[in-house]
Amino acid sequence: MDSNTHTLVLVRHGQSEDNERELFSGLRDPALTPRGVEEAGSAGTTLRNLGYRFDAAFTSRLRRAQHTLALLLEALGQSDLPVHTDAALNERDYGALAGLNKPDARARFGVEQVRTWRKSYDAVPPGGESLAMTEARLWPFFEHAIAPRVLSGGCVLVVAHGNSLRSLLMRLDRIEPRQIEDVNIGTAEILVYRGDPATRTLTRAATIATPAGG
């Protein structure tokens, strides 16, 4: 199977202004930093050098993911590829935590409570979403719009967010709720999956860190 058939490539957006300031983003809409722009371009160059050519691209409604995808496609020479945007791929809603920096959040709510909200599967920050709730809105969209393209032989690129991708990995990598607390996805990190049309499954084939920005 070559790199352009039955393939799903997931990429987290490059570093955002909120990432740089250690703020909880959620549904906030910060721009990429210069480092984030560099990371996105580097990820695109990596995919181009590996021979990827995509049939479809998906991203969220948030500009840090959309800008990352545009830079990826530019580096791939595929800027004319149609892009599907959907709120199902949006970052997890952090509710009352959004816009707070992590030290202030820990001072206000307690270190253990903030860690639980950030990392656990079921904990819901005030006014926000748990990872379980993020998975519940993302997975049906993935099953309906993305997986069939991969399993029918396509090469599909998805650019999304740390927690929306973590919720997707729960299903794809069959990760238990307790184990997901230890799963982190770096900015502009690339995750490659291969689809098996016979079993209708997707299996992790590679994880590629993006070197730009240190």
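The largest nonpolar core in this predicted model has 33 residues, and those touching the most other members are L8, L10, F58, F142, I146 and L172. A nonpolar core here is a set of buried Ala, Val, Leu, Ile, Met, Phe, Trp, Tyr and Cys residues joined through side-chain atoms within 4.5 Å. Buried means under 20% relative accessible area, exposed over 50%, and partly exposed in between (1.4 Å probe, protein chains only). At least two residues of this core come from each of β1 (7–12), β2 (56–59), α6, β4 (155–160), α7 and β5 (190–196), with α6 giving the largest share, eleven residues. Helices (H or I, at least four residues) and strands (E, at least two) are DSSP runs, numbered from the N terminus. There is also a second, separate core of 20 residues, and V11, A65, L73 and A188 are among them.

Two notes on the ground rules. Residues are numbered from 1 along each chain as its sequence is written. Local features need pLDDT of at least 70, side-chain atom pairs count only at pLDDT 80 or more, totals for chains, interfaces and linings use all residues, and side-chain values use heavy atoms, with hydrogens and water left out.

Who does F142 meet? Setting aside neighbours within four places in sequence, F142 is in contact (heavy atoms within 4.5 Å) with L8, A147, P148, L168, L172 and L202.

Now for β1. Strands pair if DSSP finds at least two bridges between them. β1 and β4 run parallel and are joined by six bridges; V11 has V159 as its bridge partner in β4. β1 and β5 run antiparallel, with five bridges, and here L8 is partnered by Y193 of β5.

Next, the pockets. On a 1 Å grid over the protein atoms alone, a pocket is an open set of points where a 1.4 Å probe fits, with protein on both sides within 12 Å along at least five of seven lines; lining residues have an atom within 4 Å of a point. Grid points are joined across faces, edges and corners, and a volume is the space filled by probe spheres set on the points. In the table, Ala, Val, Leu, Ile, Met, Phe, Trp, Tyr, Cys and Pro count as nonpolar, Asp, Glu, Lys and Arg as charged, and the others, Gly among them, as polar.

| Pocket | Volume | Lining residues by type |
|---|---|---|
| Largest pocket | about 460 Å³ | five nonpolar, eleven polar, nine charged |
| Second largest pocket | about 220 Å³ | seven nonpolar, one polar, four charged |

The largest pocket is lined by 25 residues, with R12, N19, K102, R118 and N163 closest to its centre. For the second largest pocket, α6 (131–151) gives the most lining residues, six. Its lining includes W139, F142, P148, L172 and L202.

E22, in the loop between α1 (17–21) and α2 (34–49), has a positive phi near 60° without being a glycine. A188, in the loop between α7 and β5, also isn't a glycine, yet has a positive phi of about 65°. Buried or partly exposed? E22 is partly exposed, at 45% relative accessible area, whereas A188 counts as buried, at 0%.
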